[in-house]
Amino acid sequence: MFERLADIIVNYVEVNREDIKPESRFMEDLGFTSFDFMSMLGEIEEELDLEIEQEEAVDIRTVQEAVDYLEKISG
């Protein structure tokens, strides 16, 4: 899941693929805006055929938290 998420992240922000780490924070480290983040979540929903709860998504700060959440809901 981490690899897939990293592939999606590089479509939204100017960051090198190899610079994306599990502990990378979306806003502070990767340069996401709120709009970028929400747009990325929409793409993840379509690509993985999942429904991301907005209330839970606001608590996601790092790439690893996103991976953990996506693995939990994709069960």
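Trainee: In which helix is Asp36 found?

Mentor: Asp36 belongs to helix H2, residues 34-48; a helix here is a DSSP run of H or I with at least four residues, numbered from the N terminus. The model is predicted, so local features need pLDDT of at least 70 and side-chain atom pairs count only at pLDDT 80 or more, while totals for chains, interfaces and linings use all residues. Residues are numbered from 1 along each chain as its sequence is written, and side-chain values use heavy atoms, with hydrogens and water left out.

Trainee: Why is Asp36 said to have no salt bridge?

Mentor: A salt bridge needs a side-chain nitrogen of Lys or Arg within 4 Å of a carboxyl oxygen of Asp or Glu. For Asp36, the nearest side chain of opposite charge is Arg61, 14 Å away.

Trainee: What makes the buried residues of H1 line one face?

Mentor: In helix H1 (residues 2-9), Phe2, Leu5, Ala6, Ile8 and Ile9 are buried. Down the axis of H1 they fall within an arc of 160°, so they line one face; the arc is taken from the directions from the helix axis to the C-beta atoms.

Trainee: Why is the pair of Phe32 and Phe37 called edge-to-face?

Mentor: Rings of Phe, Tyr and Trp (its six-membered ring) pair if their centres lie within 6.5 Å; planes under 30 degrees apart are stacked, over 60 edge-to-face, the rest tilted. Phe32 and Phe37 have 6.4 Å centre to centre and 80° between the planes, and form an edge-to-face pair.

How values were computed
Helix = DSSP H or I, 4+ residues; strand = E, 2+ residues; numbered from the N terminus. Buried < 20%, exposed > 50% of the residue type's maximum accessible area, 1.4 Å probe, protein only. Lys, Arg positive; Asp, Glu negative; His and termini not counted.
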